Amino acid sequence: MIPKTFKEVLDLGDGREISIETGKLAKQAHGSVEVRMGKAVMLCTVVSSYTPTTMDFFPLTVDYREKFAASGRYPGGFLKREARPSNEEILVMRLVDRVLRPLFPSDYKFETQVMIQLMSHDENVMPDALAGLAASTAIQLSDIPFENPISEVRVGRIEGEFVINPSRAQLADSDIDMIIGATEDSVAMVEGEMLECSEEDMTEAIKFAHEAIKQQCELQRRLVEKVGKKETRSYEVAEENEEIYNNILEACYQKCYDVAKQGLGKKDRSSAFSEIKDQLMSTYSEEELENNGHFFSKYFKAVHKKAIRDLTLKEGIRLDGRKTTDIRPIWCEVDYLPSAHGSAIFTRGETQALATATLGTSREANMIDNPTYQGEETFYLHYNFPPFSTGEAYPIRGTSRREIGHGNLAQRALENMIPDDCPYTVRVVSEILESNGSSSMATVCAGTMSLMDAGIQIKNPVSGIAMGLISDGVNYAVLSDILGDEDHLGDMDFKVTGTENGITACQMDIKIKGLSYDILINALNQAREGRLHILNKLTETIATPNENVKPHAPKIITTTIPGDYIGALIGPGGKNIQELQKNTETTIVINEDETTGQGIVEILGTNQEGIDKVMASIDAMLFKPEKGSVYEVKVIKILDFGAVVEYTEAPGNEVLLHISEMAWERTNSVTDVLNIGDVIDVKYFGVDPRTRKEKVSRKALLPKPEGFKSKPRPNRDNNNNRK
């Protein structure tokens with residue numbers, strides 16, 4: 001029996017449409033939906049446990065996977081099946097999670113799993129822009145408590161016009177690439193990169209995307225109405241005790257307010273707040289602690305948060321004593337690591353990043369082999385966040401999703417500033433040594449300086465800043481350069497990077513509903529002031545990129561050779577190229593241009609003399625003498641019937657100078673005229689049609705002796721006839 005299905009379609013108005021359908025697949029999931037756009041098909045399911053966990057946070061898992069079969073491909077590697085998620089898949093998981101998580105009830109502690117799978121791929125559809133729509137629709141079709149539908153769209157700007165969900169090919173011509181997540185009422189998440197665009201342009205792009213999101217939220221409502229809305233499941237709500245809250249508020253609020261007002265450092269501040277909490281706990285009996293201990297911790301945290309927020313809103317003072325627009329003290333240093341190709345330290349307050357830049361050939365490019373995209377990155381950035389950076393000790397189990405996300409943000413902030421003609425593959429690594437507020441923005445700053453120290457001629461230096469927001473619905477304060485604590489207790493975490501000309505990347509998470517565009521614009525403008533202040537600190541340390549790479553860093557020269565010479569340069573079994581690399585202490589990489597068929601040769605070495613030798617060898621290999629031209633040659637071998645000579649401008653290119661072409665007079669012995677090591681001029685006559693060998697002549701450049709008569713050549717035909 002064919003199951004009954006329900007479907008709704010959204011016309012994007014440009015010949016494209018998005019459809020959402022349910023009722024056919026994955027019916028045992030609590031909610032499931034197929035999202036289609038073109039040939040792209042995405043299946044999303046959601047399941048939530050009916051048994052609460054003991055965790056003090058909402059255990060939500062968002063999983064996004066792209067199946068290789070979706071594009072008719074096999075997974076690479078020895079095991080031909082999908083394994084751990086790629087970086088790109090993890091980034092999509094983070095995008096969706098950040099919009100969904102705040103819309104579940106704060107007291108909902110049931111393990112929930114959203115699984116999004118790309119089952120069919122369309123090269124003209126970028127699937128990450130559909131993942132949020134799929135996740136929200138699946139939840140709407142379930143009985144899981146969730147505030148209201150959300151969606152996400154990508155927005156690009158091509159030739160001044162905004163485009164919703166552009167293809168990858170269109171993005172190549174776009175100066176904006178952002179994904180926006182929102183409800184019908186307010187924007188919740190922004191992430192993307194730009195080519196030094198203005199704050200006004202970014203705001204307009206967000207507004208344009210939000211209008212498209214409203215249509216997609218309405219699309220979900222229509223489908224749910226057609227299917228029939230399930231009654232939201234009931235669950236046990238955690239009890240509250242207003243009396244205990246009021247007692248803690250009265251006992252601790254002013255104390256927390258006073259400590260917050262002192263502007264203490266992180267450790268002293270933490271100790272002072274802990275002392276207030278310990279004093280509170282000491283006023284309760286063991287029985288009260290056993291019965292209501294969870295209330296005490298919960299409500300103290302709430303009172304602590306309220307005191308800090310009120311201090312900022314009422315007096316404009318922050319935890320560390322700064323005003324809302326103040327940036328913490330900054331110090332920077334470049335060329336810190338003597339053996340690195342480029343290095344820099346950036347320290348802002350209690351956050352410190354040590355970045356290194358490493359230069360290599362195309363062989364070191366980061367290869368990407370996903371179902372939806374295959375390519376390579378010649379600039380990439382890795383971010384490491386060790387436990388000691390926050391004074392903690394915990395097991396290290398590989399690269400975390402947070403590290404991947406922060407590294408990606410910093411990479412996008414810098415990548416468009418790498419010049420198009422940069423011959424190197426460049427890897428930047430940021431080691432976070434201290435952290436109390438936006439280590440990703442510290443990574444951008446340290447990364448910029450490490451690139452400049454390495455001699456990469458970046459277009460413009462880039463700085464970054466993390467902004468915060470505290471609002472009570474009426475009053476608000478935008479905070480520049482937020483602390484870690486301000487990130488947790490604030491209503492917005494907004495990171496923006498850019499040059500003096502404009503924004504290069506951003507990441508924003510909003511925790512409150514209905515953030516007005518006026519507040520957003522104020523935050524962007526305040527961010528620009530802070531960003532430029534930080535940028536000045538960077539350029540005070542290193543004003544412009546170093547003109548040359550470090551003496552110990554590799555120099556690189558790129559040249560091209562005809563495609564039919566690639567084999568000659570490599571040699572049988574790689575003999576020629578291996579010997580050349582060994583003799584010159586260089587690394588030689590050869591790639592074939594698929595369009596022209598030419599060979600692209602990269603020569604990398606720390607010794608310029610070695611690079612020059614490789615170039616001379618290539619020039620010699622490509623050397624082709626022109627008919628009628630005169631060349632200087634050196635005698636390298638004596639034979640009975642002539643001398644082997646080598647072109648001095650192309651060592652290794654040899655030709656036979658026949659004994660008859662050495663002089664006008666009869667030459668009985670080669671050594672009567674030439675000896676090994678002699679340097680002479682010869683004229684090139686091309687290929688002799690009789691011998692089918694190249695012909696050069698010394699005598700052609702000598703004056704013919706007076707009265708000289710050439711001996712006539714025997715007529716071979718007559719000789720044959722006589723026989």
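This is a predicted model: local features need pLDDT of at least 70, side-chain atom pairs count only at pLDDT 80 or more; totals for chains, interfaces and linings use all residues.

User: Which residue stands opposite Gly498 in E21?

Analyst: In E21, Ile503 stands opposite Gly498.

User: What makes E20 and E21 a pair?

Analyst: Two strands pair if at least two bridges are found between them. E20 and E21 are joined by seven bridges and run antiparallel. They therefore count as paired strands. They also form a hairpin, with four residues between them.

User: What pairs with E10?

Analyst: E21 does, in the antiparallel sense, over six bridges. Glu193 stands opposite Ala505 in E21. E10 (residues 187-197) is also joined to E9 (residues 174-183) by seven bridges, again antiparallel. There, Val187 in E10 is the bridge partner of Ala182.

User: How do you know that E21 is largely enclosed?

Analyst: Buried means under 20% relative accessible area. Eight of the eight residues of E21 are buried, so the rest of the structure largely encloses this strand.

User: What is the strand order in the open sheet of eight strands?

Analyst: The order is E8-E7-E9-E10-E21-E20-E18-E19, with antiparallel pairing.

User: Why are E8 and E19 called edge strands?

Analyst: E8 (161-164) and E19 (476-480) each have a single partner strand, so one side of each has no neighbour in the sheet. Neighbouring strands of this sheet are turned by 15° against each other on average, direction ignored.

User: Which helices lie against these strands?

Analyst: Helix H7 (residues 286-315) packs on the sheet and touches E18 (463-471) and E19. Its direction makes about 95° with that of E18. Helix H11 (residues 517-541) lies across E10, E18, E19, E20 (492-498) and E21 (503-510). H11 runs at about 145° to E18.

User: How does the reach of H11 compare with the expected value?

Analyst: H11 has 25 residues and reaches 36 Å from its first C-alpha to its last, close to the 36 Å expected at 1.5 Å a residue. Its buried residues include Leu520, Leu524, Gln526 and Arg531.

User: What makes the approach of Asp453 to Ser343 a polar contact?

Analyst: The side chain of Asp453 reaches the backbone nitrogen of Ser343 at 3.0 Å. The limit for a pair of N or O atoms is within 3.5 Å, so this pair falls inside the limit.

User: What does the buried side of H14 pack against?

Analyst: Its buried residues pack against E22 (555-561), H12 (566-570), H13 (575-584), E23 (587-592) and E24 (599-605). Among them are Ile611, Val614 and Ile618. At the start of H14, a side-chain oxygen of Asn607 reaches to within 2.8 Å of the backbone nitrogen of Glu609.

Conventions
Residues are numbered from 1 along each chain as its sequence is written. Side-chain values use heavy atoms; hydrogens and water are left out. A polar contact is a pair of N or O atoms within 3.5 Å; within protein, one must be able to donate a hydrogen and the other to accept it, and residues adjacent in sequence count only if both atoms are side-chain atoms. Helices (H or I, at least four residues) and strands (E, at least two) are DSSP runs, numbered from the N terminus. Axes are lines fitted to C-alpha atoms, for helices over the stretch in contact, and angles run from 0 to 180 degrees between N-to-C directions. Contact means heavy atoms within 4.5 Å. Buried means under 20% relative accessible area, exposed over 50%, partly exposed in between (1.4 Å probe, protein chains only). The expected span of a helix is 1.5 Å times one less than its number of residues.
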